[in-house]
Structure formats: C-alpha cells, structure tokens
Amino acid sequence: MSRRFFTTERLATAVPLFAILVAPLGVAGQNIGLGIALLAFIILTIQDKARSLKSTLASPTAQQYLLLWGLIIIPITLATISRGDTTEASRFFWGYIFAVTMGIAGMSLRSFSVNRQRLLNVSAGILGLMGLIALSQIICGWKIAGSQILPQVPRAQGFYSHPLTFAYATLVLMPWSLARPMGKPREWQSWVLAASTLVIVVASQSVTVITLTALTMAVLAIRLLPGKKLLIFFLIGTGVLVTVVSTPNSISAKLKAVLSGQRGDHETDYADDRMAFWHANWEMFKDAPVTGHGSGLDTSDRKPYYEKIGLGNIKRMYESHNMFLQYAVEGGLVAPLALFAFLAWWSVRLWKFLPTRKWHRLALVATPVVVALGGLTQNSMQDSEVRYMVLLFCGFGLWFTRDNSPDKNS
C-alpha cells in the first residue's frame with residue numbers, strides 16, 4: 001500500500017507542491033511546509049538511490065549556485081560569530097541553508113516525472129485567494145496578528161507581518177504572472193494569476209513595486225504582443241494610469257506624498273529618509289569593509305553611526321533599505337558582490353538554457369532583474385519571506401532549464 005501511495009511521480013510532485021502551498025504564510029508556516037517538501041525529496045532520493053542528487057551536485061550549475069550562496073552566507077556567519085553572537089550566527093546560517101536547498105531540489109527534479117498541471121492549478125488557486133484577501137484588506141483594513149484579526153490602515157499585507165513584505169514577495173512572481181496571459185491567453189489560470197498579481201501589487205501601495213510592475217508590463221507587451229494588441233494594451237494602460245493618478249484615491253495620495261517628500265513619517269532634512277539610512281549604513285560599512293558587522297543588528301548597533309552624521313535623535317534608526325548595502329554592512333564587501341553575481345548568473349543561466357518559448361524565457365529571466373532593482377530601496381532579501389520566494393522561483397527556473405522543447409503545462 002505504501003509503495004503504491006509513495007509513487008515516484010507523487011513524491012516528485014509533492015516537493016514543489018508543498019513549497020508552493022506555504023508560500024503565502026509567514027516564516028513559521030514556510031519552514032514547516034519546506035520541511036515537508038524536503039522530507040518528500042529525501043524519500044524520493046532514497047528510492048532513486050541518490051542517482052539524480054549525485055548527478056545534480058556534480059553539475060557545474062549546482063556547484064556555481066552553491067559557491068555563490070556560500071560567498072554570501074559564510075562571511076556574514078563568521079562576522080556574527082566574531083561579534084560574539086553564536087545564537088544569531090546559528091539562526092542565520094541554518095535559516096539560509098534551509099532555503100538554499102530549494103535550488104538543489106529543483107535541479108534534481110529534472111530526472112523525474114512531475115504533474116505540472118496540478119502545480120499550475122494550485123498556484124492559480126492560491127494566488128487567486130491571496131488576491132481576494134488583498135482586495136478585502138484595502139477595502140476593510142484588517143490584518144492577522146497571532147491568532148487575532150485586528151484593524152489597520154487600508155493596505156494589503158496578506159498573512160505576512162508587513163505590507164512591504166507582501167509587495168516584494170509578489171514582485172518575485174510578477175513577471176511570470178503577467179507574461180503568462182500574453183503567451184497563453186486561452187488558459188483561465190493565466191488570467192487568474194495576472195489579475196491577482198495586479199490586485200496585490202496595487203493594494204500593497206508600494207510605489208517602487210507598482211513602478212517596476214508597470215515597467216515590466218510595458219516591456220513584456222512590447223516583446224510579446226503583436227501590433228494591434230500592443231496598441232490596445234497601451235491605450236488601456238494609459239487610461240488606467242491617468243485615472244489612478246488624477247482621481248482622489250489612496251494610491252495617488254501615496255504617490256504624491258512620496259514624490260513631494262511630505263510623508264507623515266519624514267524625520268530628516270534629506271529629500272527622502274532612505275538617503276539618511278543609506279548614509280548611516282554606509283558609514284557602518286566603512287567601519288568594517290572586509291569583515292562586516294554580522295547579522296541580527298539592532299538600533300543600538302546603528303546608533304553611533306546615526307550620531308556620526310548628526311541624526312542621533314531620530315526615531316527610525318533603520319537598516320540600510322538597500323539589500324546590497326545591507327549585505328555589505330553584515331558581511332563586508334564579498335557578500336554584496338556575491339549577491340550581485342548570483343542574480344546576474346541566475347538571469348544569464350536561464351537565458352542560455354531555457355526552452356525557446358519566448359514568453360517563458362522573458363518572464364523567468366526578468367525575475368532576478370526585478371529582484372535586483374526592487375532591492376535598491378528595501379532590504380528585500382534580508383526578509384525571510386521574500387528570500388523564500390526568490391529561492392523558490394530560482395529552483396523552478398533551474399528545474400525548467402532541463403527542457404529543450406516547450407512544455408504545454410508550464
């Protein structure tokens with residue numbers, strides 16, 4: 001009975017399925033789901049006598065992937081140990097390694113038959129549900145905190161701890177979700193994915209994420225749509241943009257506040273307080289450019305550097321709000337260079353080895369690009385939920401590179 005239940009296809013499908021199912025949840029839920037996914041992968045590997053895993057680990061792709069992540073993880077771990085915080089060093093190291101396994105699992109799935117239609121249907125269903133939740137949150141203003149449903153300002157954050165976490169996690173899947181109806185317009189899943197993504201992006205009210213989404217949509221449309229459809233797309237897009245900007249609504253109000261520098265939480269003389277965060281954290285990086293300061297830094301660690309630039313009395317002595325600068329602060333120069341190299345490697349790797357299907361290639365190659373651009377104004381990769389989505393999509397991309405012909409169910 002157990003042998004018939006734990007078939008190779010079921011186990012291989014269970015690995016990405018459980019990883020997808022927990023993607024909308026917080027850190028604890030994602031860790032539990034990923035643990036179940038990896039358990040299925042371990043059983044699959046045992047049944048396969050580790051042939052696929054050995055082949056994966058021997059491949060240049062896997063070795064490059066592990067090397068680049070090692071150059072991110074090891075310097076920051078060592079810096080944290082040097083600071084004397086072994087508990088934080090252990091949390092950081094094992095937390096990152098746990099998520100990095102998704103890339104190796106994705107590459108190992110190349111040797112197995114997987115029910116991709118089921119994965120697509122589940123993905124569309126989950127994202128559709130999250131789109132409805134985002135819509136209700138911007139209309140009614142609610143959030144989940146622990147086991148309670150509490151009121152908050154009308155802004156979508158799903159089941160995550162902060163609206164920006166929700167926005168940047170959605171940004172990772174945005175190129176694929178928006179490209180799919182341009183490549184496969186007759187499938188209902190394509191429209192559910194695209195509509196839900198747009199609802200989440202708009203309801204998150206992140207100006208950066210909304211801007212990157214609009215630019216990505218425009219690029220995808222230019223590359224994928226024929227002349228008449230392209231004209232219709234831009235006419236509709238222009239109409240929506242003009243309507244949103246010119247009418248009173250929460251999005252236009254947020255945009256005007258950001259552009260004018262008159263945000264309610266503005267504390268410094270900088271045009272945007274992010275510049276103050278960059279300045280203070282740059283001073284912090286300069287203090288340890290090789291070794292870094294380690295992970296788990298708090299306000300007391302940053303305060304001397306805010307005082308150094310004359311901002312010792314502000315309330316928000318934040319992290320850098322730039323994922324490259326934040327990795328530099330935590331791990332010295334090697335860590336951000338390795339992160340940039342990883343994103344560039346990921347994009348080039350998919351461009352060279354994905355199937356010839358145009359929409360799929362463009363979407364998956366665009367993912368590391370938007371992650372890099374979005375990370376210029378937020379510590380996106382330092383957020384566990386966002387990093388989970390990045391590595392989940394990276395794992396899927398590396399899995400797809402095995403094909404030499406289009407797959408009808410992707």
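Colleague: In which helix does Arg-302 lie, and is this residue buried or exposed?
Modeller: In this predicted model, Arg-302 lies in helix α14. Its relative accessible area is 6%, and buried means under 20%. Arg-302 in helix α14 is therefore classed as buried.

Colleague: Which residues is Arg-302 in contact with, leaving aside neighbours within four places in sequence?
Modeller: Contact here means heavy atoms within 4.5 Å. As for Gly-312, 10 residues along the chain from Arg-302, the two C-alpha atoms are separated by 9.8 Å. With neighbours within four places left aside, the contacts of Arg-302 are Asn-281, Met-284, Leu-297, Met-317, Tyr-318 and Glu-319.

Colleague: Are Glu-283 and Lys-308 buried or exposed?
Modeller: The cut-offs are under 20% relative accessible area for buried and over 50% for exposed. Glu-283 has 10% relative accessibility, whereas Lys-308 has a relative accessible area of 56%. Glu-283 therefore counts as buried, and Lys-308 as exposed.

Colleague: Which residue is linked with Glu-283 and Lys-308 in a network of salt bridges?
Modeller: Glu-283 and Lys-308 form a salt bridge. The network of salt bridges holds these two residues and a further lysine, Lys-286.

Colleague: How many residues apart are Asp-273 and Arg-316, which form a salt bridge?
Modeller: The closest N and O atoms of Asp-273 and Arg-316 are 2.3 Å apart. Asp-273 belongs to helix α13 (residues 273–287), while Arg-316 is in the loop between α14 (299–308) and α15 (323–331). The pair links distant parts of the chain, and the separation is 43 residues.

Colleague: Are the two partners Asp-273 and Arg-316 buried or exposed?
Modeller: Asp-273 has a relative accessible area of 5%, and for Arg-316 the value is 13%. Because buried means under 20%, Asp-273 and Arg-316 are each classed as buried.

Colleague: With which residue does Asp-85 form a salt bridge?
Modeller: Asp-85 is partly exposed, with a relative accessible area of 27%. The closest N and O atoms of the pair are 3.4 Å apart, and the partner is Arg-83.

Colleague: Where is Thr-377 found, and which residues does this threonine touch?
Modeller: Thr-377 is in the loop between α17 (358–374) and α18 (384–400). At 19% relative accessibility, Thr-377 counts as buried. Not counting residues up to four places away in sequence, Thr-377 touches Tyr-168, Thr-208, Arg-274 and His-321.

Colleague: How many helices and strands does the protein chain have, and what is its radius of gyration?
Modeller: The secondary structure comes to 18 helices and 2 strands. The globule rule gives 22 Å for 410 residues, and the chain comes close to this value, so it is as compact as a globular protein of that length. Its radius of gyration is 22 Å.

Colleague: What share of the residues in the protein chain is buried?
Modeller: The C-alpha trace spans about 65 × 55 × 45 Å along its principal axes. The accessible surface comes to about 19200 Å², with 66% of this belonging to carbon and sulfur atoms. Of the 410 residues, the buried share is 53%.

Note on methods
Residues numbered from 1 in each chain as written. Predicted model: local features only at pLDDT ≥ 70, side-chain atom pairs only at ≥ 80, totals over all residues. Heavy atoms only, no water. Helix = DSSP H or I, 4+ residues; strand = E, 2+ residues; numbered from the N terminus. Rg over C-alpha atoms; globule rule 2.2 N^0.38 Å. Buried < 20%, exposed > 50% of the residue type's maximum accessible area, 1.4 Å probe, protein only. Areas by Shrake-Rupley, 256 points an atom, 1.4 Å probe, with all protein chains shown as cover. Salt bridge = Lys/Arg side-chain N within 4 Å of Asp/Glu carboxyl O.
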